[in-house]
Amino acid sequence: MDSCSKSVRDSSSPFDCLIFDLDDTLYSSKIGIAEALRKNIDDFLVEKCGFPESKASTLRVELFKTYGSSLAGLRALGYNIDADDYHSFVHGRLPYELIKPDTQLRNLLRSITQRKIIFTNSDRNHAVKALDRLGLKDCFEQIICFETMNPNLSKSTLPDEFPVLLKPSMDAMKIALDVAEVDPRRTLFLDDNVRNVAAGKSLGLRTVLVGKTVKSKEADYVIETVTSLAQVIPELWVSGIDSGDEGGISRSKSEIEFIHATTAVGA
């Protein structure tokens, strides 16, 4: 699943792996998917749980802040919500046609030789659909998702028997790092959520806050879009050590031209 990582050069970068969030990280939060998702969750709270329409949005925000998602919050409060039914409702109705292929991002990912992994709170079906729409499905060797963090949820007999684990929960983060088999100190973690970035930093990951212009306290880097990586973290593309090269970094002219060509637009 990793044909995008094929490259003409070996890397001696300080990073062995890059772990990417998906939604609002690999594509913009402004395209309409996030707005549609919020509407679908509000509808779920009203239609499936019986909450007043006037209170749905406020409840959604509170559940997210407290539990990490509406699903996690509802189950913690005793609602016997089936995860597959929830995801089918809130993700199955999304306007995926709003997500367009991103050739620029694909070219950038192809230029990165290190392992690349998706780590999302969303279910696997949504992750695959979104990556497919972006044209990036084959760019990642692994998808760590809702099912990865919650393998026993379907076996529960009570809503709170197995609490839903999601970022930024430390337990969820530890599961992801264990499944990915990475050294946090040599792993770059990219996410648009400040709390997720903070959780990653506390576990030793090198962190990138995406979609912002100002770093949070726990972010090592900040980028407005993932396509800005070449400008902000050029050491990802370190290709060799040359004692005669300033800073010990050696790049060929073609490598530099390729990286800038893939990131020039919208960087």
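This briefing describes the aromatic contacts and nonpolar cores of the structure above. The model is predicted, so local features are reported only at pLDDT of at least 70 and side-chain atom pairs only at pLDDT 80 or more, while totals for chains, interfaces and linings use all residues. Residues are numbered from 1 along each chain as its sequence is written, and side-chain values use heavy atoms, leaving out hydrogens and water.

**Aromatic pairs**

- Five aromatic pairs are found in a search of the whole structure; rings of Phe, Tyr and Trp (its six-membered ring) pair if their centres lie within 6.5 Å, and planes under 30 degrees apart count as stacked, over 60 as edge-to-face and the rest as tilted.
- One of these is formed by Phe44 and Phe89, which are edge-to-face because their ring centres lie 5.4 Å apart with the planes at 75°.
- This pair links distant parts of the chain, with Phe44 in helix H1 (residues 33-47) and Phe89 in helix H4 (residues 83-90), 45 residues apart; helices (H or I, at least four residues) and strands (E, at least two) are DSSP runs, numbered from the N terminus.
- Phe44 is buried at 4% relative accessible area, and Phe89 is also buried, at 6%; buried means under 20% relative accessible area, exposed over 50%, and partly exposed in between (1.4 Å probe, protein chains only).
- Phe51 and Tyr79 form a tilted pair, with ring centres 5.6 Å apart and planes at 45°.
- Phe51 lies in the loop between H1 and helix H2 (53-67) and Tyr79 in the loop between helix H3 (70-76) and H4, so the pair ties together parts 28 residues apart in sequence.
- Tyr79 is partly exposed, with 29% relative accessibility.
- Phe44, Tyr86 and Phe89 form one aromatic cluster.

**Charges over rings**

- The charged end of Arg93 sits over the ring of Phe89, 3.7 Å from its centre; the criterion is NZ of Lys or CZ of Arg within 6 Å of the ring centre and within 35 degrees of the ring normal.
- Arg195 lies over the face of Phe64, 5.7 Å from the ring centre.

**Nonpolar cores**

- The largest nonpolar core has 37 residues, of which Phe20, Leu26, Leu136, Phe140, Leu188, Leu190 and Leu229 touch the most other members; such a core is a set of buried Ala, Val, Leu, Ile, Met, Phe, Trp, Tyr and Cys residues joined through side-chain atoms within 4.5 Å.
- Helix H6 supplies the largest share of this core, four residues.
- Another core, of 34 residues, lies apart from it and includes Phe89, Ile117, Ile144 and Ala199.
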